Amino acid sequence: MKNYERHGSEDYWQEYYGQLEGAKITKFWMSDDDFPTFGLVHPKLGALVIEVSRDPEGNDSGFLFITDAKGEIKS
C-alpha cells in the first residue's frame with residue numbers, strides 16, 4: 001500500500017493537490033500550532049494557505065522535501 005492510499009485514491013490526491021497548479025508562493029511562516037505554513041496566490045482561486053501536516057487529520061506538523069529538477073535534496 002502506498003502512503004497516499006491510506007487516505008484516498010491516486011485520483012483523489014491528483015484532484016486535491018492539482019488545484020494548486022499555477023499558484024505562486026508569496027509568504028512562509030510557522031503557524032501558532034507550529035505547522036509550516038505557506039501563503040499562495042492562484043490566478044483563478046485567489047489567496048490560498050497551505051499548512052504542512054503529517055496527515056489529513058492534522059496530527060502534528062510535517063516536512064516537505066525540497067529537491068532540484070534532478071531530484072537532489074536541497075538543504
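In which strand is Glu51 found? Glu51 is found in strand 3, which covers residues 46–51; strands here are DSSP runs of E with at least two residues, helices are runs of H or I with at least four residues, and both are numbered from the N terminus.

This is a predicted model, in which local features need pLDDT of at least 70 and side-chain atom pairs count only at pLDDT 80 or more, while totals for chains, interfaces and linings use all residues. Residues are numbered from 1 along each chain as its sequence is written, and side-chain values use heavy atoms, with hydrogens and water left out.

**Overall picture**

The protein has 1 helix and 3 strands, and from the N terminus these elements follow the order α-β-β-β. Its C-alpha atoms fill a box of roughly 35 × 30 × 30 Å along the principal axes. Of the 75 residues, 16% count as buried, a word that stands for under 20% relative accessible area, whereas exposed stands for over 50% and partly exposed for values in between (1.4 Å probe, protein chains only). The accessible surface comes to about 6,400 Å², and 51% of this surface belongs to carbon and sulfur atoms; such areas come from the Shrake-Rupley method with a 1.4 Å probe, and for residues only the protein chains shown count as cover.

**Two surface patches**

Patches are made of residues with over 30% relative accessible area and no salt bridge, joining like charges within 9 Å and nonpolar side chains (Val, Leu, Ile, Met, Phe, Trp, Tyr) within 5 Å; a salt bridge is a side-chain nitrogen of Lys or Arg within 4 Å of a carboxyl oxygen of Asp or Glu. Asp32, Asp33, Asp34, Glu51 and Asp60 form a negative surface patch, while Tyr12, Tyr16 and Tyr17 make a nonpolar one of about 340 Å². Tyr16 has its place in helix 1, residues 10–18. The table takes one residue from each patch.

**Around Gly62**

Gly62 lies in the segment after strand 3. Once its neighbours within four places in sequence are left aside, Gly62 is in contact with Pro36, Val52, Ser53 and Arg54, where contact means heavy atoms within 4.5 Å. Gly62 and Lys27, in turn, are 35 residues apart in sequence and, from C-alpha to C-alpha, 18 Å apart in space.

How values were computed. Lys, Arg positive; Asp, Glu negative; His and termini not counted. Charge placed at Lys NZ, Arg CZ, Asp CG, Glu CD.
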